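Please read them with the coordinates open.

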Amino acid sequence: MTVAQGSEVQDLNLVDLVKSFGDFVAVDDLTLTIPAGSFFALLGPSGCGKTTTLRMVAGLEEPTSGRIMLGTQDITDEKPYKRQVNTVFQSYALFPHLDIFENVAFGLRRRGVKNVDAQVNDMLELVELGPMARRKPAQLSGGQQQRVAVARALINHPGVLLLDEPLGALDLKLRRQMQIELKRIQDEVGTTFVHVTHDQEEAMTMADTVAVMNKGRIEQMGPPVDIYDLPRTAFVANFLGQSNLAQGSVSGTSGDNLVVSSSGASFTLPSERSVRQDGDLLIGVRPEKLAIDAADADTVPDRHNRLSGKVTDASFTGVSTQYLVMTTWGDEWIIFEQNRSADLHQLGDEVVIHWAPEHTFGLEIPAGG
Amino acid sequence: MPSLAPTLSSPSAGAPPAASGVRRRTRTAYLLLIPGLLWLGIFFVIPLVSLFFTSLQAPTDKAGVYQPALQVSNYLVALQEYWPQFIRSFVYAGIATVLALVIAYPLAYFIAFRAGKWKALMLVLVVAPFFASFLLRTYAWRTILSDEGAITTFFNALHLLPQGRILNTPIAVVLGLTYNFLPFMILPLFAALDKIDPRLIEASKDLYAKPSTAFRKVIWPLSLPGVVAGTLLTFIPAAGDYINATLLGAPGDRMVGNAIQTNFLQFRDYPTASALSFILMAIILTLVFVYIRRAGTEDLV
């Protein structure tokens, strides 16, 4: 199964795209290139404009201003039924009066394709629903309906396949399964997938590139590993995974490192990992990058950043233990520690938390807290 | 049928110990049916049986008095004498139904998909005519369609009226029927259209359907239950109506309802009137049966 007839896979370009509903700006001057053949995730909380962006690409919503380009072709003003773009809707939107076969054949028939049987059967095979061809959508489970929705869109060999929270209605186990399934299908057909989701884990598992959206703008974009390792805004640091953050100010440099003093303690971090080189900033570190030791331990490497605190909560989850530690200045930090040894820290224990400077990141303090 | 299956199977899907509860629930259901059944029995079944026996009665020496008999020929006589009225009834009702569908569909579509916050108000306006008497409203049409009225004058100026007038012609009767039964078309159509998920229309556009194709392939098939219900609710009462033909038509435009009415109340020929009623009922039932079969929606009625 390769993308043969129909459209070639092309880059999708959004240029200065704006959509406002009255006074509310849903999408705020968005410029974005989605490379051909990539699995692209638009990640953000509800109301951040990700679905509106998707609907503009599909042609179901008209941009207030800006252009949408598919390859070199400007499709901004093209009617949705003429665009080489297909959508997997959040609610699937399968036609209840047509059977699965006819649902999948719908797009082909509209474009006047004569012999649809072979293609439809191939596509049903791809999503493993061959025996269900003559059932009605209502007779299928959520996961099966979801696969029909994917098949119905993909059979048209779209230049871009849009997926609007396609797994939102499925239970956790099925969602995991479908994540793998969708990834496999994308590998197989090679079409560009643009996946809208509010589930950060889903975005990280599936996408090559994740764009984190907030209030109509893209906060950060890149491969999941890079964004996770080096978030550039406090919003990203908290929305994509968890972060421990502390406010401080730059007090000096040492080599390639910045020295930040915060509540009496002093931390170092590589200056290229900080958004700011002077003044006030937030420093952050991911919970699994932290090590936790008894307060009197002498095992803390000298170069490590360290702070002391008291254990306020410890949840044992089998492979790891999640600690909450109250720092001396009253913040609670989260630490994930793998259970390599059997002796765990107890509630109320005085501990020292430490981590390597290169795991630290520096962020701008967000306006308004 | 598929729509019935889950409701029927769900009690048995429950845990077995709940069986007595199920039985109690069933008994309550039957108890609740009693008033309706009584009503149907007293005001529908008994009169219907009595009407049937009347339709077979034979005349006596005294005019207006009939005796019990099995005079099947009453039916033949009624048909022979009144077949033009039957044909007129079904033709007028048929045209009125088609007209009502053509008028009601866009309106119901608009109310369902585009009316927004005006939806409730528009539905009230659809039902509003019921606040005035049916007779009165039909009478009002005599003024609207009168020979000196604006409408007749306008069409006469264009030489579009074969008889030079609208009132007391079949056109007026059909217009009256269309007007009077229009709400019965709009409401079921609205109910069916309102249930359609607008995302299905978006999905069809996304899948290369032009607006006209989206209508033909998605909206129309999904609205069919409303079309079937609306056409039945319009056609059946329109076919039996006599008020419109009486008030708006000429004597030559009389429908079968008029024949039944005059036989009952003027000629006091009860057997013929009853036979006409039964023939009308039989024809309508046959038509409805064939129609629903053709529409392929027997599980929706």
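1. Overall build of chain A. Residues 24 or more positions apart account for 66% of the contacts in chain A with a separation of 6 or more, contact meaning heavy atoms within 4.5 Å. The C-alpha atoms of chain A fill a box of roughly 80 × 45 × 35 Å along the principal axes. Its secondary structure comes to eight helices and 20 strands; helices (H or I, at least four residues) and strands (E, at least two) are DSSP runs, numbered from the N terminus. Of the 369 residues of chain A, 51% count as buried. Buried is under 20% relative accessible area, exposed over 50%, and partly exposed in between, with a 1.4 Å probe and protein chains only.

2. Basis of the values. This is a predicted model, in which local features need pLDDT of at least 70 and side-chain atom pairs count only at pLDDT 80 or more, while totals for chains, interfaces and linings use all residues. Residues are numbered from 1 along each chain as its sequence is written, chains are lettered from A and ligands numbered from 1 in the order in which they are written, and side-chain values use heavy atoms, with hydrogens and water left out.

3. Domains. Chain A is assigned domain 1 (12-229) and domain 2 (242-363); the bounds come from an automatic or database domain assignment. The C-alpha centres of domain 1 of chain A and domain 2 of chain A lie 40 Å apart.

4. Strand β3 of chain A. Five of the five residues of β3(A) (residues 39-43) are buried, so the strand is largely enclosed by the rest of the structure. In a regular strand the side chains alternate between the two faces of the sheet. Here both faces are covered, with F39(A), A41(A) and L43(A) buried on one side and F40(A) and L42(A) buried on the other. Strand β3(A) pairs in the parallel sense with β8(A) (residues 192-197) over five bridges, and L43(A) stands opposite T197(A). Four bridges join β3(A) to β9(A) (residues 209-214), also running parallel, with L42(A) opposite A211(A). Two strands pair if DSSP finds at least two bridges between them.

5. Nonpolar cores. The largest nonpolar core has 57 residues, and those with the most contacts inside it are L12(A), L14(A), F95(A), L162(A), V194(A), L189(B) and L193(B). Helix α3(B) gives the most to this core, with eight residues. Apart from it lies another core, of 46 residues, among them F101(A), M178(A), A207(A) and F239(A). A nonpolar core is a set of buried Ala, Val, Leu, Ile, Met, Phe, Trp, Tyr and Cys residues joined through side-chain atoms within 4.5 Å. Leaving aside neighbours within four places in sequence, the contacts of L14(A) are L30(A), T31(A), L32(A), T53(A), V57(A), R67(A) and I68(A).

6. Interface between the chains. How many residues does the contact take from chain A and from chain B? It takes 24 residues from chain A and 17 residues from chain B. The area buried between chain A and chain B is about 1900 Å², of which carbon and sulfur atoms give 67%; buried area is the accessible area (1.4 Å probe) that two parts lose on being put together, summed over both. Y81(A), H97(A) and R110(A) supply 34% of the area that chain A buries against chain B, more than any other three residues. The count between the chains is one salt bridge, and the side chains of E202(B) and R55(A) meet in a salt bridge (2.6 Å, N to O).

7. Salt bridges. K50(A) and E165(A) form one of them, at 3.5 Å, N to O. This pair links distant parts of the chain, K50(A) in helix α1(A) and E165(A) in the loop between β7 and α5 of chain A, 115 residues apart. K50(A) is buried, with a relative accessible area of 3%, and E165(A) is buried, with 7%. In the salt bridge of D77(A) with R67(A), the closest N and O atoms are 3.5 Å apart. D77(A) is exposed at 65% relative accessibility, whereas R67(A) is partly exposed at 35%. E128(A), E181(A), R184(A) and E188(A) are linked in a network of salt bridges.

Definitions and conventions. Salt bridge = Lys/Arg side-chain N within 4 Å of Asp/Glu carboxyl O.
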